[in-house]
Amino acid sequence: MGGLVALPNPRAMTAGTNQPAGNDKAAGVISLDTCPKCGKRSESDTFCSHCSSSLYVDLILESWKGDERSKYAAAKKLSEHKLAGLSFTSLKKALAGQPGTLVGARLGRSAARLAVATLAGYGGTLTVRPSRPRSRSKLWMGAAASGLLLVLVVVLTVMGDRPEKPPEPVAEKDAPAKQALEEPEMIDAEDASAEKPQKALTTGQISAAVKGAIATVTCRGKLGTAFFVEAQRAVTNAHVACGQDEKVTVKLQDGRELPGEVIVWKPGLDLAVIEVPQAQVDPISMGDSTALAVGDPVVFIGNPHGLASTMHEAKVSFGSRNLHGVSYLQINGDVNPGNSGGPLLDLQARVIGIISMKATKADRIGFALPVEYLEPYLATLALSPEAQARWQETLDRARQEDQQEVQALMSLYMKPALISVTPISSEKLFAVVLTRSKTSPGIEQLIVDISTSGLVLCSTEGKVSDWIKVEKAMKKARLKDPDSRYMKWIITRQVAKDLFLGTLVVEIDHCRKESTTKEAILRIKDGGESKETVHFPKAALERMRKRTPVPGWRSRDPGFRGVRRPRSQH
């Protein structure tokens with residue numbers, strides 16, 4: 001099984017050792033249980049309660065003895081602990097990398113031990129090293145980077161990364177109420193065909209009819225579902241495949257594991273087609289997504305959490321949900337990681353969509369890419385004139401909604417607006433601001449009002465002197481995540497054009513207690529409106545105060561170099 005290996009340099013440390021730091025320094029290894037600077041044990045997990053040195057550590061991938069499935073299972077297991085910066089997606093990417101890949105950064109020591117122990121159980125060996133100390137400027141840049149991620153959240157909320165309010169059930173609390181379009185009307189299915197409706201199959205009959213065409217795809221640690229639409233061609237999501245012309249492994253229902261090649265890769269649609277020359281599989285018949293109506297029963301098959309060939313029942317809850325200029329079928333069903341790329345089927349066992357994603361803040365809301373998006377890439381998909389007309393209407397509606405969403409976002413932040421606040425001490429908040437400007441806004445003195453029920457209870461002043469051009473930062477971020485459809489959409493639609501991000505420190509030591517409740521709202525005086533209401537971070541501030549480990553002392557700015565105060569000055 002995997003373990004923990006120390007880096008061969010003076011800054012390396014190993015976890016789990018109980019030896020005093022002084023005994024290890026000669027070997028270049030520092031104990032995780034004591035401070036690397038003063039050698040004393042700390043009551044805090046992140047900074048020394050004696051000398052204020054940082055105790056944060058980084059995790060580096062040393063080796064992996066397991067297979068691709070063990071990496072997937074390890075990433076899933078560790079993500080369940082919800083450690084800072086260790087999401088399921090980031091862990092999958094890191095564990096699929098080469099030795100030396102950064103798995104986690106700036107973790108507390110307890111979190112590091114938990115991560116090391118968890119991954120060791122799956123065959124992973126990690127190296128633990130001290131995180132580099134962060135100066136004020138580096139902390140500011142880190143906070144600005146976090147603010148940039150919040151910018152993405154704001155933008156994606158506006159653009160529909162998190163779905164609007166569906167007819168059933170509610171998918172998002174803050175659905176874009178400013179969207180001018182009415183809900184798209186469903187296409188009448190009565191004119192779809194002059195033929196008599198075929199008898200609906202049972203779930204068991206559908207499973208038996210299509211099971212042989214379902215496959216599992218693995219590539220660089222990613223695992224997902226695919227289905228055959230031709231004897232040697234399978235369809236899946238682009239985020240399951242690894243890129244154009246990439247090699248993947250396709251496991252068929254008969255147990256064969258065959259090499260495949262990605263011949264179509266469209267990250268904007270999250271769509272990929274894989275050529276598997278040796279497959280010779282009976283494909284699934286193609287259906288018509290435009291003939292569906294709200295409430296129609298459907299089924300989908302996938303490998304949720306690695307459980308192969310799991311079938312789910314669902315219903316169509318919205319027929320044409322526009323997300324970033326792409327029309328999706330919205331379904332009410334249990335979509336989970338591993339379902340990605342699986343087929344959405346009607347009750348005649350015909351594929352009508354490709355399972356793509358789920359709503360992040362709602363239960364049982366999933367989205368499938370309509371099968372008609374495959375038409376340019378498959379000769380076997382031939383739409384009837386009636387279906388083609390309905391599909392073109394769907395595309396036109398999605399394009400129109402997309403344009404209106406872009407216009408709505410471009411009208412925001414014409415004046416500086418607050419989008420988030422984070423406590424950096426018991427007396428200071430770190431605030432992130434957005435504004436639009438043709439040039440860098442320069443130094444701005446801003447007043448932040450803290451109010452409850454419309455009554456301003458406290459005002460504080462802060463200065464923004466450095467601004468980040470959001471569009472430029474996003475382009476750099478996309479280099480690290482080239483598969484991101486949302487970031488590509490933001491850049492290509494130029495919705496972040498002329499958008500700048502700034503930060504300021506807000507002093508709250510003079511504010512009365514009633515102005516620092518969780519119900520209090522923070523706004524920039526005479527500023528612009530933000531998509532998100534910014535509430536006072538009461539819970540986060542209380543957690544920070546509880547982390548102060550030594551009675552009679554406190555760090556004025558935890559995360560910065562601490563400034564001690566004796567008990568008598570409290």
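1. Helix α2 (residues 68–79) packs against helix α3 (residues 88–95) at about 145 degrees, with the axes 9 Å apart. Axes here are lines fitted to C-alpha atoms over the stretch in contact, and angles run from 0 to 180 degrees between N-to-C directions. Helices are DSSP runs (H or I, at least four residues), as are strands (E, at least two), numbered from the N terminus.

2. On the α2 side, the contact (heavy atoms within 4.5 Å) uses Lys71, Tyr72, Ala74, Ala75, Lys76, Leu78 and Ser79, and α3 brings Phe88, Leu91, Lys92 and Leu95.

3. A note on provenance: this is a predicted model, where local features need pLDDT of at least 70, side-chain atom pairs count only at pLDDT 80 or more, and totals for chains, interfaces and linings use all residues. Residues are numbered from 1 along each chain as its sequence is written, and side-chain values use heavy atoms, with hydrogens and water left out.

4. Searching the whole structure turns up 2 disulfides (cysteine sulfur pairs within 2.5 Å). Cys219 bonds to Cys242, S to S 1.8 Å. Cys219 sits in strand β6 and Cys242 in the loop between β8 and β9, so this pair links parts 23 residues apart in sequence. Both Cys219 and Cys242 are buried, meaning under 20% relative accessible area with a 1.4 Å probe, protein chains only.

5. In the Cys458–Cys511 disulfide, the sulfurs are 2.0 Å apart. Its S-S torsion is about -60 degrees, so it is left-handed. Cys458 is buried at 6% relative accessible area, and Cys511 is buried at 13%.

Terms used. Buried < 20%, exposed > 50% of the residue type's maximum accessible area, 1.4 Å probe, protein only.
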